[in-house]
Amino acid sequence: MDTFGLIQLAELIYEYCGIDFFKNLSSLESKISERLKELGLSCWEYGGYLRVEPKEWDTLIDLITVNETYFFREENLLEEFQKVILPKYKDRTPNNPLRIWSSACSSGEEPYTLAILSEETGLFETGAVEIIASDIDKKVLEKARRGLYNKKSFSFRTMPKEILDKYFISFGDDYKVKDSIRAMVDFRRVNLLDENILERVGEVDIVFCRNVLIYFDTKAINKVINSLYKVLRARGYLFLGHAETITGMNTGFETIYTPSAFYYRKGERH
């Protein structure tokens, strides 16, 4: 495949959503090769095709993003969220709900997990917790909205049986998330590099942005973190993946360390 065409495509992808393929062009090539054959286009021609057929971006994003996730991922972090963070917001009401943003929700396992954990605390009345779940990939958002997951899928690898029985309904070969949990989650398409994230999401108290920054370079990470800082209310909390850190980046976030996890709280910028 034409290396120059690959570089051009990597530049377009980077500008569009911040995912960095410049050091791994072979991975990009493997992800798009079948699509190029299907269209009968070279990599160079495909760059032009994206400009005249912007809907093709939906297909490309689905090809290049990794949507592997599962319920109750990174249990230590979730335990901290449930037992330490959520009680801080126990006075919230439907008129002033706790707003949580799952900013790269993929097929929905994370936001539904957060909804279940909130319910399990018994601290909140119906409507007092609102979860905004977003992703750049339209295809996985459609799956997430349905709330249907194959019984044999990877999604349930760490699902406690009592939680499965309580919050899911058997639906043929699938388990379906109960309507009471689905009603807590509002799915939206959001590009984390958009300038108008605050308008798309609104102010929130807690952000989950896990296993996303590993695909970005430093410039894109700074842009995303700056956006997350803006949407978070004062002293709000940010949860990243266990392999991601912004400590020492002068982002305005304070790092909170516990024996089993670390996360961030919005501080004052100097």
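User: In what order do the seven strands of the open sheet stand, and what kind of pairing do they have?

Analyst: The order is 6-2-1-7-8-10-9, and the pairing is mixed. Strands pair if DSSP finds at least two bridges between them. Strands themselves are DSSP runs of E with at least two residues, helices are runs of H or I with at least four, and both are numbered from the N terminus. Before we go on: this is a predicted model, in which local features need pLDDT of at least 70 and side-chain atom pairs count only at pLDDT 80 or more, while totals for chains, interfaces and linings use all residues. Residues are numbered from 1 along each chain as its sequence is written, and side-chain values use heavy atoms, with hydrogens and water left out.

User: What makes strand 6 and strand 9 stand at the edges?

Analyst: Strand 6 (185-189) and strand 9 each have a single partner strand, so one side of each is left without a neighbour in the sheet. From one strand to the next, the twist averages 20 degrees; the axes behind it are lines fitted to C-alpha atoms (for helices over the stretch in contact), with angles from 0 to 180 degrees between N-to-C directions.

User: How do you know that strand 1 and strand 2 are joined?

Analyst: Five bridges join strand 1 (residues 98-102) to strand 2 (residues 129-135), and the two run parallel. At least two bridges are required, so the pair qualifies. To find a spot on screen, look at Ile100, whose bridge partner in strand 2 is Ile131.

User: And how do strand 9 and strand 10 run?

Analyst: Strand 9 (residues 253-257) and strand 10 (residues 262-266) run antiparallel and are joined by five bridges. Ile256 stands opposite Tyr263 in strand 10, and a hairpin of four residues connects the two strands.

User: Which strands of the three-stranded open sheet are the edge strands?

Analyst: The sheet has the order 3-5-4 with antiparallel pairing. Its edge strands are strand 3 (148-150) and strand 4 (168-171), as each pairs on one side only. Neighbouring strands here are turned by 30 degrees against each other on average, direction ignored. Strand 3 and strand 5 (residues 174-177) share three bridges, and Tyr149 has Tyr175 in strand 5 as its bridge partner.

User: Why is the protein chain called as compact as a globular protein of its length?

Analyst: The chain holds eleven helices and ten strands. Its radius of gyration is 19 Å, close to the 18 Å that the globule rule gives for 270 residues, so it is as compact as a globular protein of that length. That radius is taken over C-alpha atoms, and the rule is 2.2 Å times the number of residues to the power 0.38. Along its principal axes, the C-alpha trace spans about 55 × 55 × 35 Å.

User: What makes Val66, Ile214 and Tyr215 a patch?

Analyst: They form a nonpolar patch on the surface, with about 270 Å² of accessible area together. Patch members have over 30% relative accessible area and no salt bridge; nonpolar side chains (Val, Leu, Ile, Met, Phe, Trp, Tyr) are joined within 5 Å, like charges within 9 Å. The areas come from the Shrake-Rupley method with a 1.4 Å probe, and for residues only the protein chains shown count as cover.

User: How do you know that the side chains of Glu56 and Arg35 meet in a salt bridge?

Analyst: Their N to O distance is 2.7 Å. The cut-off puts a side-chain nitrogen of Lys or Arg within 4 Å of a carboxyl oxygen of Asp or Glu, so this pair qualifies. Glu56 lies in helix 4 and Arg35 in helix 2 (residues 25-39), so the pair ties together parts that are 21 residues apart in sequence. Glu56 is buried at 5% relative accessible area, and Arg35 is buried at 14%.

User: What is the distance in the salt bridge of Arg188 and Asp186?

Analyst: The N to O distance is 2.8 Å. Arg188, at 18%, counts as buried, whereas Asp186, at 30%, counts as partly exposed.

Technical notes
Buried < 20%, exposed > 50% of the residue type's maximum accessible area, 1.4 Å probe, protein only.
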